[in-house]
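Welcome! Please take a moment with the sequence and the structure below, and then we can walk through them together.

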Amino acid sequence: MTDFDTLKRALLDRIHAAQTVADIEAVRVEILGKKGEVSALMRGIGSLDAAARRERGAALNILKEDIAQELQTRKAAIEYRDLNSRLAAESIDPSLMPPRQAFEIGRLHPITQTIDEAVAILGEMHFKVVEGPDIEDDFHNFTALNIPADHPARQMHDTFYLPVGADGQRPVLRTHTSPVQIRTLQETPPPLRVIAPGRVYRSDSDITHTPMFHQIEALVIEESIHMGHLKGCVAAFCRAFFEIDDLPLRFRPSFFPFTEPSAEVDIGCSRAEGVLTIGDGGDWLEIMGCGMVHPHVLTACGIDPERWQGFAFGLGVERIAMLKYGIADLRTFFDSDLRWLAHYGFSPLDTPSMIGGLSP
Ligand code: PHE
């Protein structure tokens, strides 16, 4: 079969002479293609007798496989050579800005931003962030906060109740962040200053209410805290948050079972021509509840109210976010609309800090 060996060598030489991937493809078609040389040889064996046909057929099949294998090897070698020369020729300049679409930076939700700002402001005043569970028991959400069973204040809360548990108790979705006051007082010996931001739930849904919303609770317990500290702290917070140094504030007597005395805080605003503007304007807008921690609350947590006292306040995050950032409709907060988030969201790279003011 020397004619075969010669043929094979000639074919391999042509494969080795190929310099590009395109050359390889051309050679492959010439040799193995339907109208190629090996196919012609295959057709030629039809005229041979059975024994010679079998022998030559088998040899041609081996030749075909060898050629196919060699084409593969040569192609891989060419590709490897091309890649190496590309790598040697190309260089990367890491100081160049990537194209804009190469990195889509997400936006912080206004709720997150508002909580971060409040934490930055109150953090400056040495408040520490604490958390509590969204699913609460009756004791923490109500009883320890001086809201006994059958107290009318329970009705004010439109509570979501969960099914009765193994202990015979009905857990609730917390109706406010005040239960975190109780958990903190049970675990941390005073003096203490904490803030508890988080989700709260009330069975209420209309233009100005969503069944889930956010509050920030603040609690201070020290030996000589009085209402003046409460007023000073709330005023400093509001003025820093709204970035209005002379923001008018009004403390209106109110009632909460867990504070005595209690007050609601209004900030000055104007509603001229239907446009709400924060600041001096002769009108008022309620933004939070507050008061001096009721002695019953301290007693329920094993703290001596003769020695310790303090204040607490609780505010609605959506409400102050809407006011500061001009968001008109509460329900849009929870629509998960990316266009809305692109417009009202915040850059994650501008972390709120009191250094140099709040604004990025
Ligand atoms: N927990 C009250 C509410 O949800 C707010 C509040 C907190 C009032 C702390 C006084 C003190 O309405």
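Let us begin with Q113, which counts as buried because its relative accessibility is 2%, and buried means under 20%. You can find Q113 in helix α5, which runs over residues 110-124. Please keep in mind as you explore that this is a predicted model.

Which residues does Q113 touch, leaving aside its neighbours within four places in sequence? They are L108, Y325, F346 and P352.

## The chain as a whole

Stepping back, the chain has 12 helices and 10 strands in its secondary structure. Its radius of gyration is 39 Å, well over the 21 Å that the globule rule gives for 360 residues, so the chain is more spread out than a compact globule. If you draw a box along the principal axes, the C-alpha atoms fill roughly 115 × 55 × 40 Å.

How much of the chain is buried? Buried residues make up 41% of the 360 residues. Now consider the contacts in the chain with a separation of 6 or more: 64% of them are between residues 24 or more positions apart.

## Around the ligand

Next, have a look at the ligand. Around it are 14 residues, and those that come nearest are H176, S178, R202, Q215 and E217. Sorted by class, the shell holds 5 nonpolar, 7 polar and 2 charged residues.

Which strands each supply at least two residues of this shell? They are β5 (212-222), β9 (283-293) and β10 (309-316). The largest share, 3 residues, comes from β10.

H176 places a polar side-chain atom 3.0 Å from a nitrogen atom of the ligand. For R202, a polar side-chain atom lies 2.9 Å from an oxygen atom of the ligand. Q215 has an N or O atom in its side chain that is 3.0 Å from an oxygen atom of the ligand. How much of the ligand does the protein bury? Taken alone, the ligand exposes 330 Å², and the protein buries 91% of that.

Now turn to E136, which sits in strand β2, made of residues 135-136. Is E136 buried or exposed? With a relative accessibility of 2%, E136 counts as buried, because the cut-off for buried is under 20%.

The side chain of E136 is joined to the side chain of R183 by a polar contact of 2.7 Å. Beyond its neighbours within four places in sequence, E136 is in contact with several residues, among them N141, P171 and V172. The list also includes R174, P179 and R183.

## A26, a partly exposed residue

Finally, find A26 in helix α2, which spans residues 21-32. A26 has a relative accessible area of 37%, so A26 is partly exposed; that value falls in between the 20% limit for buried and the 50% limit for exposed.

How far is A26 from I15, counted between their C-alpha atoms? The separation is 9.8 Å, and the two residues are 11 residues apart along the chain.

Terms used: Residues numbered from 1 in each chain as written. Predicted model: local features only at pLDDT ≥ 70, side-chain atom pairs only at ≥ 80, totals over all residues. Heavy atoms only, no water. Near = heavy atom within 4 Å. Polar contact = N/O pair within 3.5 Å; in protein donor to acceptor, adjacent residues only side chain to side chain. Areas by Shrake-Rupley, 256 points an atom, 1.4 Å probe, with all protein chains shown as cover. Helix = DSSP H or I, 4+ residues; strand = E, 2+ residues; numbered from the N terminus. Nonpolar A, V, L, I, M, F, W, Y, C, P; charged D, E, K, R; others polar. Rg over C-alpha atoms; globule rule 2.2 N^0.38 Å. Buried < 20%, exposed > 50% of the residue type's maximum accessible area, 1.4 Å probe, protein only. Contact = heavy atoms within 4.5 Å.
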